[in-house]
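Please keep the model open while reading.

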Amino acid sequence: MIRTYALAAVLLMAGAAAQAGDLKTLKKINFDMPDDSAITFPAGPGEEAISGNCLACHSADHVMNQPPMDREHWHEVVEKMIKAYKAPITEEDAATIVDYLVRVKGKKE
Ligand code: HEC
């Protein structure tokens, strides 16, 4: 199971690196997967975008178990997935995903 996730991450990164034309940045990243089990996000607008982009490396629970956060913080999380962990997510999908997260896990003012 853990191996499958790691392989998926490496393949994703390989794809992203190949697109960028810079194979030297290809690195193997090891991380421990949390022991959580829910694999789907609650239905609603944007659910397809988040399910399509955010389940390659960890479960939906890993996202849904975070405390509610405001838009700025969700934006930072999604940016971190893209920049630090090389998640291949388009800007359009990233915006849809932030909207989705603010709706289902936004901090109530
Ligand atoms: C390329 C792999 C990858 C993808 C795709 C990915 N993540 Fe992550 N994510 C990680 C890693 C690695 C961690 C850190 C490991 C941990 O926290 O257990 C993480 C951690 C998190 C966390 C925990 C809090 C934090 O800041 O570390 C949240 C929330 C999260 N991801 C949300 C998302 C969302 C939303 C998406 C889709 C936009 C996404 N992830 C897509 C790799 C990924």
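**Notes on the ligand shell and the helices**

1. This is a predicted model. Start with the ligand. The residues of its shell divide into 15 nonpolar, 4 polar and 2 charged.

2. Which residues come nearest to the ligand? Of the 21 residues around the ligand, they are Cys54, Cys57, Met81, Tyr85 and Ala87. Helix 4 supplies the largest share, 4 residues.

3. Now the fold. The protein chain has 5 helices and 0 strands. Along the sequence, the pattern reads α-α-α-α-α.

4. Look next at helix 2 and helix 5 (residues 91-105). Their axes come within 8 Å and cross at roughly 115 degrees. Angles of 65 to 115 degrees count as roughly perpendicular, and helix 2 and helix 5 are therefore roughly perpendicular to each other. The crossing of helix 2 past helix 5 is left-handed.

5. Which residues make this contact? Helix 2 brings Glu47, Ala49, Ile50, Asn53 and Cys54. Helix 5 brings Asp93, Thr96, Ile97 and Tyr100. By type, the residues of the contact of helix 2 with helix 5 divide into 5 nonpolar, 2 polar and 2 charged. Note Cys54: it belongs to this contact, and it is also among the residues nearest the ligand.

6. Last, the chain as a whole. Of its 109 residues, 17% count as buried. Among contacts with a separation of 6 or more, 66% join residues 24 or more positions apart.

Note on methods: Residues are numbered from 1 along each chain as its sequence is written. This is a predicted model: local features need pLDDT of at least 70, side-chain atom pairs count only at pLDDT 80 or more; totals for chains, interfaces and linings use all residues. A residue is near a molecule or strand if its C-beta atom, placed from the backbone, lies within 6 Å of it. Helices (H or I, at least four residues) and strands (E, at least two) are DSSP runs, numbered from the N terminus. Ala, Val, Leu, Ile, Met, Phe, Trp, Tyr, Cys and Pro count as nonpolar, Asp, Glu, Lys and Arg as charged, and the others, Gly among them, as polar. Axes are lines fitted to C-alpha atoms, for helices over the stretch in contact, and angles run from 0 to 180 degrees between N-to-C directions. Angles under 35 degrees count as roughly parallel, over 145 as roughly antiparallel, 65 to 115 as roughly perpendicular and the rest as oblique. A crossing is left-handed if the near helix is turned anticlockwise from the far one by less than a right angle, and right-handed if clockwise. Two residues are in contact if their C-beta atoms, placed from the backbone, lie within 7 Å. A residue is buried if 20 or more other C-beta atoms lie within 10 Å of its own, exposed if 12 or fewer, and partly exposed in between; C-beta atoms are placed from the backbone.
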